[in-house]
Amino acid sequence: MKQALTIAGSDSGGGAGIQADLKTMTAFGVYGASVITAVTAQNTLGVQGFETMSIDLVDKQLDSVLSDLNFSAAKTGMLATSQIIKVVAKKVKEYQLENLVVDPVMVATSGDILLAKEAIATIKEELIPLAKVITPNLNEAKVLIGRDIAEEVSLELLASELHKLGSEYVLVKGGHQVGENAIDLLYDGVEFIEYTSKRVDTKDTHGTGCTLSSAIASNLALGYDVKEAVKRSKKYITEAIKAGCNVGNGNNPVNHFAMVYSFE
Ligand SMILES: Nc1ncnc2c1ncn2[C@@H]1O[C@H](COP(=O)(O)OP(=O)(O)OP(=O)(O)O)[C@@H](O)[C@H]1O
Ligand SMILES: Cc1ncc(COP(=O)(O)O)c(N)n1
């Protein structure tokens, strides 16, 4: 069985973070293991609080899984602090983790901050250069290249500036754009590829970013190349948003359970 690792934060509400990642990996038939960086008290209404794990425990979790299991891909989500990013980068190099997908999570759908400001430089310098693919949303893309969030910048320009940070591929997600389509743009330094779906008219998009990045990691683990992995993941996230999960009173999460039975 193919194995994938998520290095991310726990969402007690079950919609994003580690919980979304493991559900997604399971839906693709990939064995998912997890290294927890932070525990959030969270639901569909927002993040009520969080604590980060000690550096020692993150380090130990990484050694535990990397010395025993056999990962064909991994993803990072909420990393919270510079120190955690540093230990993750060190272990990625030490164990030569392949097919690393870096989702540079900074802010939850609810607007709550999940990454310390000073950690942005660390993620750029230490983790992104190790990544096969990075998957920023529009705001994260702008922050990473030092642009103002209010500035209008094309997906092409964002992707080409981001590619200079050293990942092999950049996928800029256009979920937060307006318009009838949700367009994501993949760039490998040479070619731009657009992945387009009809925008689903819903506020229930909690966990979309986590789900997309773990779907990409799952498909890389299954042996698909990046273009095909993104294509399959975009199809998955679109269907999971359409199905929705009416479980809470705020921004509800996407539905993985429908996908387990209907994908393909
Ligand atoms: N309303 C929507 N309809 C269809 N696809 C969407 C919609 N919203 C987001 N997506 C898709 O979901 C994926 C995640 O994109 P998004 O830009 O929302 O990421 P994110 O900001 O990291 O996620 P989140 O909003 O959960 O924090 C992308 O493939 C995007 O195109
Ligand atoms: C623990 C945790 N990690 C990540 C996110 C962002 O989730 P998304 O961007 O997929 O909504 C979140 N809300 N909570």
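Predicted model: local features only at pLDDT ≥ 70, side-chain atom pairs only at ≥ 80, totals over all residues.
Tutor: Two strands pair if DSSP finds at least two bridges between them.

Student: OK. How many strands form the sheet, and in what order?

Tutor: The sheet is open and has 9 strands, ordered β3-β2-β1-β4-β5-β6-β7-β8-β9. The pairing is mixed.

Student: Which strands stand at the edges?

Tutor: β3 (46–52) and β9 (192–198). Each has a single partner strand, so one side of each is left without a neighbour in the sheet.

Student: And β1 with β4, parallel or antiparallel?

Tutor: β1 and β4 (residues 73–76) run parallel, joined by 4 bridges. A4, for instance, has A73 in β4 as its bridge partner.

Student: Switching to ligands. What surrounds ligand 2?

Tutor: A shell of 18 residues, of which G9, A16, G17, A108 and G209 are the closest. β1 (3–11), β2 (31–43) and α7 (208–221) each give the shell at least two residues.

Student: How many of the residues in that shell are charged?

Tutor: The shell around ligand 2 has 1 charged residue, along with 10 polar and 7 nonpolar ones.

Student: Now ligand 1. How many residues surround it, and which are the closest?

Tutor: Ligand 1 is surrounded by 22 residues, and the closest are N137, K173, G175, A182 and G209. In the shell around ligand 1, 13 residues are polar, 5 nonpolar and 4 charged.

Student: Which element gives the largest share of that shell?

Tutor: α8, with 4 residues. β8 (181–187), α7 and α8 each supply at least two residues to the shell around ligand 1.

Student: α7 keeps coming up. At what angle do α7 and α8 pack?

Tutor: About 140°, with the axes of α7 and α8 (residues 226–243) 8 Å apart. The crossing of α7 past α8 is right-handed.

Student: Which residues meet there?

Tutor: From α7 they are T208, T211, L212, A215, I216, N219 and L220. On the α8 side they are A229, V230, R232, S233, Y236, I237, A240 and I241. By class, the contact of α7 with α8 has 10 nonpolar, 4 polar and 1 charged residues.

Student: What about α1 and α7, how do their axes cross?

Tutor: The axes of α1 (residues 17–27) and α7 cross at roughly 40° and come within 8 Å. That makes α1 oblique to α7. Here too the crossing is right-handed, with α1 passing α7.

Student: Which residues make that contact?

Tutor: In α1, the residues are G17, A20, D21, T24 and M25; in α7, C210, T211, S214, A215 and S218. The contact of α1 with α7 divides into 4 nonpolar, 5 polar and 1 charged residues.

Student: Last pair. α3 and α4, roughly parallel or roughly antiparallel?

Tutor: α3 (residues 82–94) and α4 (residues 119–127) pack at an angle of about 10°, with their axes 9 Å apart. That makes α3 roughly parallel to α4.

Student: And the residues making the contact? Which are they?

Tutor: S82, I85, K86, V88 and A89 of α3 meet A119, T122, I123, E126 and L127 of α4. Sorted by class, the contact of α3 with α4 has 6 nonpolar, 2 polar and 2 charged residues.

How values were computed
Residues numbered from 1 in each chain as written. Chains lettered and ligands numbered in written order. Near = placed C-beta within 6 Å. Nonpolar A, V, L, I, M, F, W, Y, C, P; charged D, E, K, R; others polar. Axes fitted to C-alpha atoms, helices over the stretch in contact; angles between N-to-C directions. Left-handed = near helix turned anticlockwise from the far one by under 90°. Contact = placed C-beta atoms within 7 Å. Parallel < 35°, antiparallel > 145°, perpendicular 65-115°, else oblique.
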